[in-house]
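Here is a short briefing on charged side chains. Look over the sequence and the model before reading on.

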Amino acid sequence: GLAYLVLVLRHRERAIGPFLIPLLLAFSLLGVLLPSRAPAAPGTRGSLFAFHVTFAILADAAFALSFVLSILYLIQNRQIRRGRTGVLFSRLPSLEVIGRMNRTSVTIGLAVLTVALVLGVFWAEVVWRSLADPKVEWAVLTILIYGFLLWMDRRGWEGPRVAVLSILGFGVML
């Protein structure tokens, strides 16, 4: 919800809301209704860990938003190429606006994930005494993919290639 609010304030475009708000509500409801499976481990207490988790969740949300925007971009792009504009087409912003929103979402996610990774590394050194963990490796790979996406976007990549790379980055993040 916070990532979407940033996009609305930055781009003044509310047309994506009807696609995102139901997902936000469904996942929030699932989070509240599903029982917690394990008690908190002793190393998961403290403000450093709390900030790490908060930033990691915000990054995940920004990348999920980018994923949804990329899918909407590909659907609308396909409708335009086929010359069939339907109800969905009239509800969505232009491809350019969706592309800018995607870039903003990826930028937010990349910045926040980098902060979460740095906080997590500091926390892991204190608690684990080792950084050899798949979570760290996958987070670095996610940062590299989204960083490559933004780098290529600045060098002229646009449209479907950026959308597909954004979807790939979300898959790696998951």
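Is aspartate 153 buried or exposed? Aspartate 153 is buried, at 15% relative accessible area. Buried means under 20%, exposed over 50%, and partly exposed in between (1.4 Å probe, protein chains only).

This is a predicted model: local features need pLDDT of at least 70, side-chain atom pairs count only at pLDDT 80 or more, and totals for chains, interfaces and linings use all residues. Residues are numbered from 1 along each chain as its sequence is written, and side-chain values use heavy atoms, with hydrogens and water left out.

**Salt bridges**
- The structure holds two salt bridges (a side-chain nitrogen of Lys or Arg within 4 Å of a carboxyl oxygen of Asp or Glu).
- Arginine 103 pairs with aspartate 153, with the closest N and O atoms 2.5 Å apart.
- Arginine 103 sits in helix H5 and aspartate 153 in helix H6 (residues 134-154), so this bridge ties together parts 50 residues apart in sequence.
- Helices are DSSP runs (H or I, at least four residues), numbered from the N terminus.
- Arginine 103 is partly exposed, at 28% relative accessibility.
- Arginine 100 bridges to glutamate 96 at 3.1 Å, N to O.
- Arginine 100 and glutamate 96 are four residues apart in helix H5 (residues 95-127), so about one helical turn separates them.
- Glutamate 96 is exposed at 57%, while arginine 100 is partly exposed at 31%.

**Positive patch**
- Arg78, Arg81, Arg82 and Arg84 gather in a surface patch of positive charge.
- Patch residues have over 30% relative accessible area and no salt bridge, with like charges joined within 9 Å.
- Arginine 78 lies in helix H3 (residues 47-82).
- Arginine 78 is partly exposed, at 44% relative accessibility.

Key: Patch = residues over 30% accessible without salt bridge, like charges linked within 9 Å, V, L, I, M, F, W, Y side chains within 5 Å. Areas by Shrake-Rupley, 256 points an atom, 1.4 Å probe, with all protein chains shown as cover. Lys, Arg positive; Asp, Glu negative; His and termini not counted. Charge placed at Lys NZ, Arg CZ, Asp CG, Glu CD. Helix = DSSP H or I, 4+ residues; strand = E, 2+ residues; numbered from the N terminus.
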